[in-house]
Amino acid sequence: MIVASLVSLGLVTGVGVALVYAHWNGNLTVKKVDDLVTDRPDRSGGEEVNILVMGDDTRAGKGNKIDGAGGGGSDTTILFHLSADREFAYGISIPRDTLVDRPECKREDGSVTPAKADAIWNEAYAVAGPSCTIQQFESLTDILVDNYVVVDFNGFKDMVDALDGVEVCIPEDIVDEDAGITLKAGTREIEGDEALSYVRVRKGVAGGDGTDPQRIKRQQAFMASMINEALRADMLARPDQLIGFINATTKSLTTDFENIGQMADLARSFQGIGLDNISFVTTPWVYSTAQEGRVELTDDVAKLWRLVRQDKELTRDFRDDSINAADDPDGSPSASGSASGTPEGSASASAGDPSTDATEEPVEEEPASPGLC
């Protein structure tokens with residue numbers, strides 16, 4: 001929703017966005033998937049919106065050959081829930097290594113991918129594209145996906161570069177010799193391949209174990225900082241930067257939004273939401289004992305999906321382990337919750353009973369989560 005918000009701001013303030021509106025629409029790759037997704041949940045009847053965002057790790061295409069890996073899957077899946085009253089929003093990250101029962105999926109060519117038990121979450125995208133990920137998400141959560149967005153590596157880098165970098169805080173040097181990644185510790189702005197490495201690296205991170213949940217906090221912190229950077233007041237005083245950012249983004253989007261105007265109309269309704277009302281959480285999880293290196297969702301995830309279905313704000317147990325868009329890059333929490341995660345990465349592990357006073361017992365401070373200071 002970053003690009004949609006900026007388009008909306010540009011149209012409202014008249015910074016010449018209309019001159020490139022048709023160009024942006026031409027940049028978009030629009031693919032409808034309604035005919036490919038079956039047995040869909042009922043619509044609640046409210047005005048809330050659920051958007052499933054996927055990061056495509058394909059190495060095909062200019063600018064995507066960043067390493068020696070093959071790619072072709074989805075490294076990132078986030079459900080963005082936008083409230084009916086337009087007063088809050090949150091993103092829910094699902095670890096790519098999560099074990100789930102994948103449903104049967106239709107492909108664009110008319111063939112069918114059979115269901116599979118104990119499949120890794122991101123296999124759905126690899127075998128049948130975004131429609132299969134939507135099918136999988138809806139069957140797991142009973143939440144209707146209103147729209148989807150897919151962005152690739154090159155688009156991500158170009159978005160960051162168009163912002164002249166995004167500020168992050170790296171607590172310790174990150175060195176992944178296999179991938180040729182070295183990130184020096186400190187609070188600073190990063191861009192280009194360095195920014196992509198920051199959100200993707202899994203090895204060589206202090207306290208990390210190479211699994212996906214360990215890097216999700218970095219991704220969430222980066223997105224929060226990126227939203228903060230993209231929506232800052234002086235962006236509108238820089239039409240070149242605004243137009244450059246939206247141009248970079250739309251070139252790499254595959255979506256079922258019909259045009260930029262449709263995205264902008266949605267974003268316009270959220271103009272007064274405020275950064276402190278935008279949060280990022282991760283589905284509660286534990287390490288799998290059945291498959292090494294994989295994770296499984298805990299029973300607490302049912303509470304999270306129920307909040308989405310009922311269009312309710314995050315409860316305290318989830319807020320306590322969330323990252324807020326208003327948080328500082330160094331991890332300093334805003335009033336809505338802490339920016340640091342639990343050692344297990346689980347909302348249930350950090351909070352326990354939502355009614356419990358978090359200040360009851362002094363707790364020894366844990367080391368910073370990877371990617372947060």
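How many helices and strands does the protein have? The protein has 11 helices and 18 strands; these are DSSP runs numbered from the N terminus, helices being H or I with at least four residues and strands E with at least two.

1. Basis of the note. This is a predicted model, in which local features need pLDDT of at least 70 and side-chain atom pairs count only at pLDDT 80 or more, while totals for chains, interfaces and linings use all residues. Residues are numbered from 1 along each chain as its sequence is written, and side-chain values use heavy atoms, with hydrogens and water left out.

2. Of the 373 residues of the protein, 53% count as buried. Here buried means under 20% relative accessible area, exposed means over 50%, and partly exposed lies in between (1.4 Å probe, protein chains only). The accessible surface comes to about 16200 Å², and carbon and sulfur atoms contribute 47% of it; areas are from the Shrake-Rupley method with a 1.4 Å probe, and for residues only the protein chains shown count as cover. Among the contacts with a separation of 6 or more, 68% are between residues 24 or more positions apart, a contact being heavy atoms within 4.5 Å.

3. The eight-stranded sheet. An open sheet of eight strands runs in the order β1-β14-β9-β2-β3-β4-β15-β18, with mixed pairing. Its edge strands are β1 (29-30) and β18 (323-324), each of which pairs on one side only. Two strands are taken to pair if DSSP finds at least two bridges between them. In general, strands of a sheet pair through backbone hydrogen bonds, either parallel or antiparallel.

4. Pairing of β2 with β3. Strand β2 (residues 49-56) and strand β3 (residues 74-82) pair in the antiparallel sense over eight bridges. Within this pair, L52 stands opposite L79 in β3. Helix α3 packs on the sheet, where it touches β2, β3 and β9 (147-152), and its direction makes about 160° with that of β2. Axes for such angles are lines fitted to C-alpha atoms, for helices over the stretch in contact, and the angles run from 0 to 180 degrees between N-to-C directions.

5. Strand β15. In strand β15 (residues 278-282), five of its five residues are buried. I278, F280 and T282 point one way from β15, whereas S279 and V281 point the other way, and all are buried. Strand β4 (residues 89-93) pairs with β15 in the parallel sense over five bridges, and S279 is the bridge partner of Y90. β15 and β18 run antiparallel and are joined by two bridges, with F280 opposite I323 in β18.

6. The bend in α3. Helix α3 (residues 123-141) spans only 18 Å between its end C-alpha atoms, whereas a straight helix of 19 residues would span 27 Å at 1.5 Å a residue; the expected span is 1.5 Å times one less than the number of residues. A kink of about 135° lies at G129, shortly before the proline P130. The bend at a residue is the angle between axes fitted to the seven residues ending there and the seven starting there. Because 14 of the 19 residues of α3 are buried, the helix is largely enclosed by the rest of the structure.

7. N122 lies in the loop between β8 and α3 and is buried, with a relative accessible area of 8%. Leaving aside neighbours within four places in sequence, N122 is in contact with S74 and R96. After α3 comes D142, whose phi is positive, near 60°.

8. Positive phi at two further aspartates. Most residues other than glycine have a negative phi. D39 has a positive phi near 50°; D39 is found in the loop between β1 and β2 and counts as exposed at 78% relative accessibility. D118 also has a positive phi, of about 55°; the place of D118 is in strand β8 (residues 116-120), and D118 is partly exposed, with a relative accessible area of 47%.

9. K106 and its contacts. K106 is in strand β6 (residues 105-106) and counts as partly exposed at 36% relative accessibility. Not counting residues up to four places away in sequence, K106 touches D35, L36, T38, S111, A128 and S131. K106 and C132 are 26 residues apart in sequence and 7.2 Å apart in space, C-alpha to C-alpha.
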